[in-house]
Amino acid sequence: VQNPSAPLFWLDPDQTSGHGSRYSMMGAVSGPNSQTIRYQVDDRTALIRTGDEQQELHDIDVFELLNGLIETTTVIGLPADFPVSGGYFGYFGYELKSLILGPNAHRADTPDAYWLRPESLIVYDHRERLTHLLWLGPEKEIKAGVAAEKLDQLEEVLRGKESGASTTESGLSLGLEPAPKGAPPSQTKPAAVLPEPSSSISSR
């Protein structure tokens, strides 16, 4: 989010519905494990960028592409009742109906499908007033402590790079002291780390 040129998203719940809408999510394409997918239905081409690497796939169904990526992702470290596990955020355009119903009469100026997978994901629980941090990367980096380092960096950004704050650790969760006076009364908790998908279409 600090990089103004990076694709990003911010999703807020409908807090007026009363049906458990309690989480806000935000993330950006920043970091070597972040990924974007641009899809054009006319030539069935997907342009996949992972970090600084780019790959172009031809004659591919975008629904099958995303299903394959999601199915090969393993999520670890999340509480059983936590409803968010990272993944892809984006849209399917109306033009994709040609994959199912027949030729399109019009062509969009924007990609017919656009999806992004953030390396780091911020999830805010409005009910508990907690901020959860998730990180995605190869399992070898998780074991090497890279995940903890990245989460610490993100935590510092959210705290305004304050120093001297006391913390207590419990497994993968890290509960911080309440925010300073005048700041929103929230906490920051690394909730999970996510191994990088093993899909063969990912390029590094």
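**Hairpin, cores and aromatic pairs in a predicted model**

In the hairpin of β8 and β9, four residues lie between the strands, and R129 takes a positive phi near 60 degrees. The model is predicted: local features need pLDDT of at least 70, side-chain atom pairs count only at pLDDT 80 or more, and totals for chains, interfaces and linings use all residues. Residues are numbered from 1 along each chain as its sequence is written, and side-chain values use heavy atoms, with hydrogens and water left out.

Strand β8 (residues 120-125) and β9 pair in the antiparallel sense over six bridges. Pairing of strands requires at least two bridges found by DSSP. Helices (H or I, at least four residues) and strands (E, at least two) are DSSP runs, numbered from the N terminus. Y124 stands opposite T131 in β9. Strand β9 (residues 130-137) is mostly covered, with eight of its eight residues buried. Buried means under 20% relative accessible area, exposed over 50%, and partly exposed in between (1.4 Å probe, protein chains only). L130, H132, L134 and L136 point one way from β9. T131, L133, W135 and G137 point the other way.

The protein chain comes to three helices and 12 strands. Of its 204 residues, 39% count as buried. Contacts (heavy atoms within 4.5 Å) were also sorted by sequence separation. Among those in the protein chain with a separation of 6 or more, 58% join residues 24 or more positions apart.

A nonpolar core is a set of buried Ala, Val, Leu, Ile, Met, Phe, Trp, Tyr and Cys residues joined through side-chain atoms within 4.5 Å. In soluble globular proteins, nonpolar side chains tend to be buried together. The largest core here has 15 residues, of which I37, Y39 and L65 touch the most other members. β3 (35-40), β4, α1 (62-71) and β7 (113-117) each supply at least two residues of this core. The largest share, four residues, comes from α1. Residues up to four places away in sequence aside, I37 touches L47, I48, L65, L66, L69, Y88, A113, Y114 and W115. A second, separate core of 11 residues includes Y23, F82, Y114 and V123.

A46 lies in strand β4 (residues 45-50). A46 counts as buried because its relative accessibility is 0%. Beyond its neighbours within four places in sequence, A46 is in contact with R38, Y39, Q55, E56, L57, I60 and L65. A46 and H58 are 12 residues apart in sequence, with their C-alpha atoms 6.6 Å apart in space.

Aromatic pairs join rings of Phe, Tyr and Trp (its six-membered ring) with centres within 6.5 Å; planes under 30 degrees apart count as stacked, over 60 as edge-to-face and the rest as tilted. The count comes to three aromatic pairs. The rings of F9 and F89 have centres 4.1 Å apart and planes at 20 degrees, so this pair is stacked. F9 lies in strand β1 (residues 8-11) and F89 in strand β6 (residues 89-92), so the pair ties together parts that are 80 residues apart in sequence. Both F9 and F89 are buried. F63, F92 and W115 form one aromatic cluster.

Helix α3 (residues 146-158) has 13 residues, which should span 18 Å at 1.5 Å a residue. The expected span is 1.5 Å times one less than the number of residues. The end C-alpha atoms of α3 are 19 Å apart, which agrees. In α3, A147, L151, L154 and E155 are buried. They cover an arc of only 105 degrees around the axis, which puts them on the same side of α3. The arc is that of the directions from the helix axis to the C-beta atoms. Just after α3, G160 takes a positive phi of about 75 degrees.
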